[in-house]
Amino acid sequence: MSEARKKFEVGYSSGVFDMFHVGHLNLLRRARNHCHHLVVGVASDEYVEHLKGRLPVVPCDERIDIISALGIVDEVIIDRSEDKNAVWQQRPFDVIFKGNDWQGTPKGYRLERTMREVGAAVVYFPYTRHTSSSMLRSFLAGHEE
């Protein structure tokens, strides 16, 4: 998609981005291709602990450094809540990009409803099934020295 044909002005994608891998990169590349300005929310350590019951392997400030270093990302913010309306209030965007593992689920429907209230679209991209932070964590746990 050429720069002139990008559909959205400001796009937003968020995640934990723990143990950054190709699935994360695929999502951000696709998001970049659909907006002029890509904002990425990196989940705070506290939010991750609340969400998953454990702290991330890589601390928030390091995950922010990694995401900030990607040339396809224009802006990085800290995401502190599952409520994407709160994020939108902090940094308005036209579209939020999520993996299609959210599509058709209760959390996906909630997100769509919340974003519709502020006039933002939700666009789903294919989830990279062959790799995930959970898979990496399992692999590393089984191969400790």
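A salt bridge is a side-chain nitrogen of Lys or Arg within 4 Å of a carboxyl oxygen of Asp or Glu. The exercises below apply this and other terms to a predicted model, in which local features need pLDDT of at least 70, side-chain atom pairs count only at pLDDT 80 or more, and totals for chains, interfaces and linings use all residues. Residues are numbered from 1 along each chain as its sequence is written, and side-chain values use heavy atoms, with hydrogens and water left out.

**Exercise 1. Salt bridges**

Task: State how many salt bridges the structure holds, and describe the pairs of Arg91, Arg32 and Arg63.

Solution. 

Step 1. The structure holds four salt bridges.

Step 2. Arg91 and Glu75 meet through their side chains, with a distance of 3.0 Å from N to O. Arg91 is in the loop between helix 4 (84-90) and strand 4, while Glu75 is in strand 3, so the pair links distant parts of the chain, 16 residues apart. Helices (H or I, at least four residues) and strands (E, at least two) are DSSP runs, numbered from the N terminus. Glu75 has a relative accessible area of 22% and is therefore partly exposed. The classes are buried (under 20% relative accessible area), exposed (over 50%) and partly exposed (in between), for a 1.4 Å probe and protein chains only.

Step 3. Arg32 forms a salt bridge with Asp74, at 2.5 Å from N to O. Because Arg32 lies in helix 1 and Asp74 in the loop between helix 3 and strand 3 (75-79), this pair ties together parts that are 42 residues apart in sequence. Arg32 is buried, at 12% relative accessibility, whereas Asp74, at 37%, is partly exposed.

Step 4. In the salt bridge of Arg63 with Asp45, the closest N and O atoms are 2.7 Å apart. Arg63 belongs to helix 3 and Asp45 to helix 2 (residues 45-52), so parts 18 residues apart in sequence are tied together. Arg63 has 0% relative accessibility and therefore counts as buried.

**Exercise 2. Backbone angles and pairs in space**

Task: Examine the phi angles of Phe17 and Met19, and then compare separation in sequence with distance in space for the pairs Gly99 and Asn26 and Ile66 and Phe20.

Solution. 

Step 1. Phe17 is not a glycine, yet its phi is positive, at about 55°. Phe17 is found in the loop between strand 1 (8-15) and helix 1. With a relative accessible area of 3%, Phe17 is buried.

Step 2. Met19, also a residue other than glycine, has a positive phi near 50°. Met19 lies in the loop between strand 1 and helix 1, and its relative accessible area of 13% makes Met19 buried.

Step 3. Gly99 and Asn26 are separated by 73 residues in sequence and by 9.9 Å in space, C-alpha to C-alpha. Gly99 is placed in strand 4 and is buried, at 12% relative accessibility.

Step 4. Ile66 and Phe20 stand 46 residues apart in sequence, with 8.1 Å between their C-alpha atoms. Ile66 is in helix 3 and counts as partly exposed, at 36% relative accessibility.
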